[in-house]
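Reader: Hi! Could we go through this one together?

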Amino acid sequence: MSETIFSKIIDRDIPADIVFEDDLCLAFRDVNPQAPTHILIIPKKPIAKLGEADDDDQALLGHLLLKTREIANDLGLGDAYRVVINNGENAGQTVFHLHLHLLAGRPFSWPPG
Ligand code: AMP
């Protein structure tokens with residue numbers, strides 16, 4: 001996978017407002033927040049998008065979701081938050097390094113736009 005802005009954040013080549021890190025993942029605030037709280041959770045492993053994850057990534061994908069829950073709890077988001085993965089350009093993906101959006105702090109409509 002080619003280098004992305006997110007791999008540069010992992011490597012500390014560019015700055016980010018990091019809220020959580022462990023061996024497998026990194027979480028930081030979105031530079032263009034779409035809600036009062038908008039965090040991105042990314043694997044350190046360079047997976048371009050969910051559609052390119054494979055069966056060997058099962059534990060990693062579970063880890064990302066459980067860390068998202070933990071970050072939501074640590075930030076006091078209560079039980080009203082939304083987790084989004086945009087997969088592919090036509091679904092709104094702009095950075096091709098898998099990431100979960102954790103959004104909170106305003107009402108959310110359904111279906112999403
Ligand atoms: P997506 O459109 O699902 O690929 O989401 C990419 C997200 O990355 C967008 O919400 C951008 O605002 C965010 N983003 C892009 N560059 C940065 C950056 N340097 N630091 C933090 N967030 C970023």
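Predicted model: local features only at pLDDT ≥ 70, side-chain atom pairs only at ≥ 80, totals over all residues.

Reader: Good to know. Is Thr68 buried or exposed?

Author: Thr68 has a relative accessible area of 2%, so it is buried. The cut-offs are under 20% relative accessible area for buried, over 50% for exposed, and partly exposed in between, with a 1.4 Å probe and protein chains only.

Reader: And what is Thr68 in contact with, leaving aside neighbours within four places in sequence?

Author: Thr68 is in contact with Ile41, Val83, Leu100 and Leu102, once neighbours within four places in sequence are set aside. Contact here means heavy atoms within 4.5 Å.

Reader: Which other residues of helix 2 are buried?

Author: Along with Thr68, the buried residues of helix 2 are Leu60, His63, Leu64, Lys67, Ile71 and Ala72. As background, an α-helix has 3.6 residues a turn, so residues three or four places apart point the same way.

Reader: What do those buried residues pack against?

Author: The buried residues of helix 2 pack against strand 1 (18-21), strand 2, strand 3, strand 4 and strand 5.

Reader: How far apart are the end C-alpha atoms of helix 2?

Author: They are 24 Å apart, and that agrees with the 24 Å that 17 residues (58-74) should span at 1.5 Å a residue. The expected span is 1.5 Å times one less than the number of residues. Following helix 2 comes Gly76, with a positive phi near 70°.

Reader: Over to the strands. How do strand 1 and strand 2 pair?

Author: Strand 1 and strand 2 pair in the antiparallel sense over three bridges; two strands count as paired if DSSP finds at least two bridges between them. They form a hairpin, with three residues between the two strands. Ile18 has Phe28 of strand 2 as its bridge partner, and Phe20 stands opposite Ala27 in strand 2.

Reader: What about strand 2 and strand 3?

Author: Strand 2 and strand 3 are antiparallel too, pairing over five bridges. There, Cys25 stands opposite Pro43 in strand 3.

Reader: How many residues of strand 2 are buried?

Author: Four of the five, so strand 2 is largely enclosed by the rest of the structure. Ala27 sits in strand 2, and Ala27 counts as buried because its relative accessibility is 0%. Beyond four places in sequence, the contacts of Ala27 include Ile18, Phe20, Leu40 and Ile71. The C-alpha atoms of Ala27 and Leu40 are 5.4 Å apart, although 13 residues separate the two along the chain.

Reader: New topic! How much space lies in the largest pocket?

Author: The largest pocket holds about 830 Å³. A pocket is an open set of points on a 1 Å grid over the protein atoms alone where a 1.4 Å probe fits, with protein on both sides within 12 Å along at least five of seven lines; lining residues have an atom within 4 Å of a point. The volume is the space filled by probe spheres set on the points, which are joined across faces, edges and corners.

Reader: Which residues are closest to its centre?

Author: Of the 32 residues lining the largest pocket, Asp30, Gln34, His38, Asn86 and His101 are closest to its centre. The elements giving two or more residues to the lining are helix 1 (5-10), strand 2 (25-29), strand 3 (37-43), strand 4 (81-84) and strand 5 (100-104).

Technical notes. Residues numbered from 1 in each chain as written. Heavy atoms only, no water.
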